[in-house]
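These are my notes from one sitting with a single chain. I wrote down what I looked up, in the order I looked.

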Amino acid sequence: MTICAKEHEGTHKGQVTCPSTGFSRPGFNSGENVNADECAAYVVEYTCLLKHQKTDCNKLTGAARSECLRLYHLRLCDICRFMKTQYHCPTSQIPSFCKYCP
């Protein structure tokens, strides 16, 4: 899942200006459409998660596999919630699996 979070954040390159040292959460650059930028980043992240879920979870068995699938499902549903309620992404970008999320 870390790989996918990095891919999400990587889409923001050029959309934010990071300090030369240290860690921070900078705001978006002037002129950026935060909602559109985040929607695009979440598309990248959920696509990555769906790709890695099978390879990550299918190598496990029993309770470990179930837990892996549960954690992926939770993250995917978080993404659905963010896309729908926080960033108001277009319906065309909302993944179909969101219908399985509370």
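**Entry 1: His52**

In which helix is the place of His52? I found His52 in helix 2. Helices here are DSSP runs of H or I with at least four residues, strands are runs of E with at least two, and both are numbered from the N terminus.

Before going on I noted that this is a predicted model, in which local features need pLDDT of at least 70, side-chain atom pairs count only at pLDDT 80 or more, and totals for chains, interfaces and linings use all residues. Residues are numbered from 1 along each chain as its sequence is written, and side-chain values use heavy atoms, with hydrogens and water left out.

Is His52 buried or exposed? His52 counts as buried because its relative accessible area is 19%, and the cut-off for buried is under 20% (exposed is over 50%, partly exposed is in between; 1.4 Å probe, protein chains only). I then listed its contacts, meaning heavy atoms within 4.5 Å. Not counting residues up to four places away in sequence, His52 touches Ile3, Cys4 and Tyr72.

**Entry 2: the whole chain**

I counted three helices and zero strands in the chain, so I had no strands to follow up. From the N terminus on, the order of elements is α-α-α. The C-alpha atoms fill a box of roughly 50 × 35 × 20 Å along the principal axes.

The chain has 102 residues, and 31% of them count as buried. I looked up the accessible surface, which comes from the Shrake-Rupley method with a 1.4 Å probe, where for residues only the protein chains shown count as cover. The surface comes to about 6,800 Å², and carbon and sulfur atoms hold 57% of it. Among contacts between residues at least 6 apart in sequence, 57% join residues at least 24 apart.

I checked the confidence next; pLDDT is the predictor's confidence in each residue, from 0 to 100. The chain averages 94, and 100% of the residues score at least 70. Confidence is lowest in helix 1 (residues 2–10), with a mean of 94, and highest in helix 3, at 97.

**Entry 3: helix 3**

How far apart are the end C-alpha atoms of helix 3? I read 35 Å, which agrees with the 36 Å that its 25 residues should span at 1.5 Å a residue. The expected span is 1.5 Å times one less than the number of residues.

In helix 3, I marked Cys68, Tyr72, Leu76, Cys77, Ile79, Cys80, Phe82 and Met83 as buried. Their cover includes helix 2 (34–58). Just after helix 3, His88 takes a positive phi of about 50 degrees.

Leu74 lies in helix 3 (residues 62–86) and is partly exposed, at a relative accessible area of 41%. Together with Met1 and Leu71, Leu74 makes a nonpolar surface patch of about 240 Å². Patches take residues with over 30% relative accessible area and no salt bridge, joining like charges within 9 Å and nonpolar side chains (Val, Leu, Ile, Met, Phe, Trp, Tyr) within 5 Å.

**Entry 4: salt bridges**

I took a salt bridge as a side-chain nitrogen of Lys or Arg within 4 Å of a carboxyl oxygen of Asp or Glu. How many salt bridges does this rule give? The count is three.

Glu45 and Arg75 meet at 3.0 Å, N to O. Glu45 is in helix 2 and Arg75 in helix 3, so this pair ties together parts 30 residues apart in sequence. Glu45 is buried at a relative accessible area of 3%, whereas Arg75 counts as partly exposed at 23%.

Glu67 and Arg70 form a salt bridge at 2.8 Å, N to O. Both lie in helix 3, three residues apart, about one turn of the helix. An α-helix has 3.6 residues a turn, so residues three or four places apart point the same way. Glu67 is partly exposed at 33%, and Arg70 is partly exposed at 42%.

Arg81 pairs with Asp78, with the closest N and O atoms 3.1 Å apart. Arg81 and Asp78 are also three residues apart in helix 3.

**Entry 5: Val43**

Last, I looked up Val43, which lies in helix 2 and is partly exposed at a relative accessible area of 23%. Leaving aside neighbours within four places in sequence, Val43 is in contact with Met83 and Gln93. Val43 and Thr2 are 41 residues apart in sequence and 15 Å apart in space, C-alpha to C-alpha.
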